[in-house]
Amino acid sequence: MIASEELQLPHVTKEQFTEVMRRFAASVNIITSADGEQKNGMTATAVCSVTAEPPSALIIVNRSNRSYGTIARTKKFAVNVLANDQRHLAAHFASKLPKPFSDVPHHSGTTGCPLIEGADAHIECVVIQEVDIGTHTIFVGKIVATGKSNRAPLLYHEGQYHALAERAQQGLSILQSKLSDTAMGPSHGKDQPAAVPKTADNLLMLLQKRALNLRQLFWRAHRALNQRITEKFIERGHLGMKPQHLTVLSNMNLGETPIAALAERAQMSLEGVASIAEDLKRIGYLQHLGGEKDKVSDAFTFTDAGWELMLTSFNILREIEAEYDAKLNKGDMERLRRILGTLYG
Ligand SMILES: Cc1cc2nc3c(=O)[nH]c(=O)nc-3n(C[C@H](O)[C@H](O)[C@H](O)COP(=O)(O)O)c2cc1C
């Protein structure tokens, strides 16, 4: 291989690489693999078709991923192309959950790899070539089975998930025609112009302007805040922290907290909460109380490290509030607090 130095070409820094690669829009996939009862899934954009004959595709997997070991051992993998309404699965399969398939509807394909229900398309592959490059391995797979639906795919660009614009437009047109059908009603005649109901009118206006409704605004703010808190934990050396951990931690009692109470407060399934709490136990922030096996009576409490983490979280929140103070002026920030207090206080 000829190094760029030998050709006297300029050197591209890691930052330049990351900056430019963020501009490459890509479909979002879950690469699945299985070894006996153990099932893996990892979110991946590094997936590419290779040749039609033999039908082949390649994936690029970080060797520190759990999926790497499984694929290297079994020589099999499947690629599930996520549909636009499955964006929650992108975060789910990037989180190294202990049992990532426990609450994701799926079935086993020809190769034994999990195929996710509701995906836009899938391929199943048998590995025919492997190439190591730096921290990653390129697996080239011969495609042995395929499947597709006609759902809108999910895209990833500049660190955000998006819908395909044309499909979004198509959806809007369908919605528009359905709404005007409803507005016309059965007695609609040529001389009676249709009066679109006010709510439908507003909905269309929001969609056309791509404006955010209140729910989306709050959700984005909540997600951004959790992301910022997680980054600050990681900066402080709490490397295993993930945004979903905050959902469980922020709903813990000072003393013992039953899983059922956590699930209710976090508005999550018992299984979902139990799996995050187990993750926090593994990292060392929570401890399990009692030897019960059934989830409803399971309970968790903070460990000493967990208490320290909570103290750190107060400092982090103070820092973030100061950041918000600096972004908004003081009057705006005060008004925001007052308004939110009135709405939810
Ligand atoms: C949008 C997105 C794309 C990703 N693409 C890849 C990829 O192409 N290859 C890879 O090795 N990791 C990729 N990752 C990271 C893995 O999904 C992540 O490390 C995951 O936790 C690995 O799971 P595992 O350890 O259970 O295999 C991506 C993550 C996200 C959010």
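The questions below concern a predicted model and ask how some of its descriptions are reached.

Q: Why are α6 and α10 called oblique to each other?
A: Helix α6, residues 214-235, and helix α10, residues 304-327, pack at an angle of about 125°, with their axes 10 Å apart. Angles of 65 to 115 degrees count as roughly perpendicular and those over 145 as roughly antiparallel, while the rest, apart from those under 35, count as oblique. The angle of about 125° belongs to that remaining class, and α6 and α10 are therefore oblique to each other. Their crossing is right-handed.

Q: What makes up the contact of α6 with α10, and how do its residues divide?
A: From α6 come R228, I229, K232 and F233, which meet I316, E319 and I320 in α10. These residues divide into four nonpolar, no polar and three charged. Ile and Phe count as nonpolar, whereas Arg, Lys and Glu count as charged, so I229, F233, I316 and I320 fall on the nonpolar side and R228, K232 and E319 on the charged side.

Q: Why is E158 called exposed?
A: E158 has 10 other C-beta atoms within 10 Å, and a residue is exposed if that number is 12 or fewer; E158 therefore counts as exposed. The place of E158 is in the loop between β11 (154-157) and β12 (160-163), and E158 has a positive phi of about 55° although it is not a glycine.

Q: What makes Q267 count as exposed?
A: Q267, found in the loop between α8 (259-266) and α9 (270-283), has 10 C-beta neighbours inside 10 Å.

Q: Which elements supply the shell around the ligand, and which gives the most?
A: β3 (38-44), β5 (56-62) and α2 (66-74) each supply at least two residues, and β3 gives the most, with four. In total 17 residues surround the ligand, the closest being A44, A46, N62, N65 and S67. The residues of the shell divide into nine nonpolar, six polar and two charged.

How values were computed:
Residues are numbered from 1 along each chain as its sequence is written. This is a predicted model: local features need pLDDT of at least 70, side-chain atom pairs count only at pLDDT 80 or more; totals for chains, interfaces and linings use all residues. A residue is near a molecule or strand if its C-beta atom, placed from the backbone, lies within 6 Å of it. Axes are lines fitted to C-alpha atoms, for helices over the stretch in contact, and angles run from 0 to 180 degrees between N-to-C directions. A crossing is left-handed if the near helix is turned anticlockwise from the far one by less than a right angle, and right-handed if clockwise. Two residues are in contact if their C-beta atoms, placed from the backbone, lie within 7 Å. A residue is buried if 20 or more other C-beta atoms lie within 10 Å of its own, exposed if 12 or fewer, and partly exposed in between; C-beta atoms are placed from the backbone.
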